[in-house]
Amino acid sequence: MRQTWTFHSAGQLVFGPGAADQLGELAGRMRLKRLLIVTDRSLVAAGLLKPVQGPLAAAGISFEVFDGGEPEPSLDVVERCLAQARPFKSDGLLGLGGGSNMDLAKIAAVVLTHGGAANDYFGEDRVPGPVLPLICVPTTAGTGSEVTAASVLTDKANQIKVGVLSNYLRPQLAVVDPLLTVSCPRTVTADSGIDALTHAIEAYTAIDNEHFPLPPGERSVYQGRHPLADCLAEKAIELIGRHLPRAVESPGDLAARENMALAATLAGLAFSNVGVALVHAMEYPVGGATHCSHGAGNGLLLPFVMRFNLPARLPHFARIARLLGEDTTGLGESDAALRAVTAVERLKAAIGIPARLRDLGVTREQLPLFAEKTLGIKRILRVNPRPVTADDVLGIFEEAL
Ligand SMILES: NC(=O)c1ccc[n+]([C@@H]2O[C@H](COP(=O)([O-])OP(=O)(O)OC[C@H]3O[C@@H](n4cnc5c(N)ncnc54)[C@H](O)[C@@H]3O)[C@@H](O)[C@H]2O)c1
Ligand SMILES: [Fe+2]
């Protein structure tokens, strides 16, 4: 059956070095008067609050700062953020940071608008309507959360990452200012950058929209591959192959930072419409148990999952190899496709992503539970181009050990 695809984004996307200077005017046009800025202490210490506060203050917009964000935010952090937000009665939220702070601002907006607690909204399309106006200002080039429909949190009790997925979570305004990423430490640049590559590759090789197996009555923000997302993913892969190593090695290289910021947003636009797949489904239990960063977990697993998915998407992987700068002249399709895997392996090593699960302290005994948890994440697994069994997942985890 042929389906119809759609495309969602942030309401407005403003991109460019110095774009944060426009925040006051942009927030004013949204008629915002009281903003809660959701951020963390490391970013305050890095001086990143100033470029946001200055333009807001100049435009007469009052604000309060919640600086208690943390990487891979837990449900406790959400509660602490809400405790500050409720009495302040803001008319909008501004997420300033990497995916962690932006996702915290998103879930806080949901709960402030619709009540209850974060876990009432876990899963697909459970947010009942629009939320308080959201502005997202990324300081990493990675998650694309500034344009996506997701908020990802850590459920510590069950040792797993959980997601809230709803098109109501797309920010009304995304302001992507590459200058804000220049202070990213090396590991944050590397981990968030390879997360963006994972988004682009998973979107580009996902199951086709035509064959997206959404059971009757179920809704999803994901819809499988489609032509518009393909363009975005291709460009993102090319930019990341060219600019990620340089952004890691030379943090002050503005061209590398700007290209990575663009790539991460393009990858976010692609995956948040198409879906992410097996790499992400396998990373959620790994991240939940080891507390590695989301990007490090994804980057570690990416080549192993690519190898598994290769037979289902040979021409696409061959194209990825070329986008990553590989010369595939004279190679047959499967050899050309394999070059995509080796290119990602080389990139991963060059930027210092852990090679194997044992480098994160994972033991063989943990793998069956990881595999079981992965198989439970059906909303993502159905995006994968190749169907996966319990044995397949365990096999990939064993290879990655
Ligand atoms: N919402 C989505 O669509 C989506 C997509 C992918 C991942 N995620 C989630 O996003 C989170 C990861 O986000 P991330 O990779 O952007 O990292 P992050 O937000 O977790 O930030 C990592 C660390 O880097 C610091 N940092 C960030 N920017 C900095 C800067 N410019 N200068 C100095 N320090 C800086 C932060 O303070 C933090 O300590 C995970 O929880 C992941 O699951 C969300
Ligand atoms: Fe991701």
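Which residue forms a salt bridge with Arg-307? That partner is Glu-345, with the closest N and O atoms 3.0 Å apart.

## Before we start

This is a predicted model: local features need pLDDT of at least 70 and side-chain atom pairs count only at pLDDT 80 or more, while totals for chains, interfaces and linings use all residues. Residues are numbered from 1 along each chain as its sequence is written, chains are lettered from A and ligands numbered from 1 in the order in which they are written, and side-chain values use heavy atoms, with hydrogens and water left out.

Arg-307 sits in helix H10 (residues 294–309) and Glu-345 in helix H12 (residues 333–351), so the pair ties together parts that are 38 residues apart in sequence. (Helices are DSSP runs of H or I with at least four residues, strands are runs of E with at least two, and both are numbered from the N terminus.) A salt bridge here is a side-chain nitrogen of Lys or Arg within 4 Å of a carboxyl oxygen of Asp or Glu. By this rule the count comes to 15 salt bridges.

Another one links Arg-29 and Glu-25, at 2.7 Å from N to O. Both belong to helix H1 (residues 23–29), four residues apart, or about one turn of the helix. Arg-29 counts as exposed at 56% relative accessibility, while Glu-25 is partly exposed at 49%. (Buried means under 20% relative accessible area, exposed over 50%, and partly exposed in between, using a 1.4 Å probe and protein chains only.) Asp-253 and Arg-246 pair up too, with their closest N and O atoms 2.5 Å apart. Here Asp-253 is buried at 17%, and Arg-246 is partly exposed at 45%.

## A covered strand

S6 runs parallel to strand S4 (residues 92–97), joined by five bridges, and Leu-93 has Leu-134 as its bridge partner. Two bridges also join S6 to strand S9 (residues 173–176), again in parallel. (Two strands pair if DSSP finds at least two bridges between them.) In S9, Ala-174 stands opposite Cys-136.

## A three-strand sheet

Elsewhere, three strands make an open, mixed sheet in the order S5-S8-S7. S5 (123–124) and S7 (150–155) are at the edges with a single partner strand each, so one side of each has no neighbour in the sheet. S7 and S8 (residues 160–165) run antiparallel, joined by six bridges.
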